[in-house]
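Please read it alongside the sequence and the model shown here.

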Amino acid sequence: MPFINLYYAMNAVIAGATGLVGRELVRLVLSSDYYDKITILSRRPLKIKDNRLDTVIVQDFDQLKDYADKFDVEDVYCCLGTTMKKAGSKEVFRKIDFDYPIEMAKLAKTKSHFKRFLVVTAVGSNSESCLFYNQVKGQLEDALVAMDLPSLHIFQPSLLIGARDEWRWGEEVAKFFSVVLSFFMVGWHKSLWSIRGSDVAQAMFMVARKGQSGIEKYKPHKMLKLLHS
């Protein structure tokens, strides 16, 4: 484990804090004294109250540059993401799942304290995929890698399990079969395992605390292995 200066104040930014992974991540970091300050970029207020929490209401993420000063932190967590149904169009989907994360990385890279960018994509990410969702996620990963960030950690969950704000019938059915079938999966099929949003959040926080540099990708089985090592 790398040496950590306990007298050095560590700070973080979290975007997407109202989503499944982001919500769990906020709860997790607040249960620890690792960060001196946690800045949340959100469209709406959070119900959580903590003296270390600075919730910044961003009315328009197209204007992220207006909040550039918030990115002078060690760790930037990007948990932004939507669905085609909620986005309503490919253009809006791409804005949320590609444009905004890239803008966050650009802003962070200019700051002196910035060390790590941790982002949630998807297990099927592939810039050449015929599926628009996977294509955009893959393009995001490729663009982030090309930015030569000090440290980039990409978390690629498959089906996320956990309590959501809205109930999705199709997703609940998929979760049931995913959990059952996961028992029989071996080899490369492990990448298709469902994973709890809380486990993804825990893996992200663990990786940040390790202070590992370079580029690393984490599929579900790798995240779970990390948590149980």
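In strand β1, N11, V13 and A15 point one way and A12 and I14 the other, and all are buried (under 20% relative accessible area with a 1.4 Å probe, protein chains only; exposed is over 50% and partly exposed in between). The model is predicted: local features need pLDDT of at least 70 and side-chain atom pairs count only at pLDDT 80 or more, while totals for chains, interfaces and linings use all residues. Residues are numbered from 1 along each chain as its sequence is written, and side-chain values use heavy atoms, with hydrogens and water left out.

**Strand β1 and its partners**
- Because 5 of the 5 residues of β1 (residues 11-15) are buried, this strand is largely enclosed by the rest of the structure; strands (E, at least two residues) and helices (H or I, at least four) are DSSP runs numbered from the N terminus.
- Strand β2 (residues 37-42) runs parallel to β1 and is joined to it by 5 bridges, where pairing requires that DSSP finds at least two bridges between two strands.
- A15 has L41 as its bridge partner in β2.
- Strand β4 (residues 75-78) also pairs with β1 in the parallel sense, over 4 bridges, and V76 in β4 stands opposite V13.

**Helix α1 and the crossover**
- A right-handed β-α-β unit is made by β1, helix α1 (residues 20-30) and β2; right-handed means that, with the strands pointing away from the viewer, the path from the first strand over the helix to the second runs clockwise.
- Helix α1 is largely enclosed by the rest of the structure, because 8 of its 11 residues are buried.
- The buried residues of α1 are L20, V21, G22, L25, V26, L28, V29 and L30.

**Cysteines**
- The whole structure holds 0 disulfides, a disulfide being a pair of cysteine sulfur atoms within 2.5 Å.
- The cysteine sulfur closest to that of C79 belongs to C78, at 6.8 Å, which is too far for a bond.
- C79 is buried, with a relative accessible area of 12%, whereas C130 is exposed at 77%.

**Second largest pocket**
- The second largest pocket has a volume of about 250 Å³. On a 1 Å grid over the protein atoms alone, a pocket is an open set of points where a 1.4 Å probe fits, with protein on both sides within 12 Å along at least five of seven lines; the volume is the space filled by probe spheres set on the points, which are joined across faces, edges and corners.
- This pocket is lined by 10 residues, and T18, R23, P45, L46 and K47 are the closest to its centre; lining residues have an atom within 4 Å of a point.
- The lining comprises 5 nonpolar, 1 polar and 4 charged residues, with Ala, Val, Leu, Ile, Met, Phe, Trp, Tyr, Cys and Pro counted as nonpolar, Asp, Glu, Lys and Arg as charged, and the others, Gly among them, as polar.
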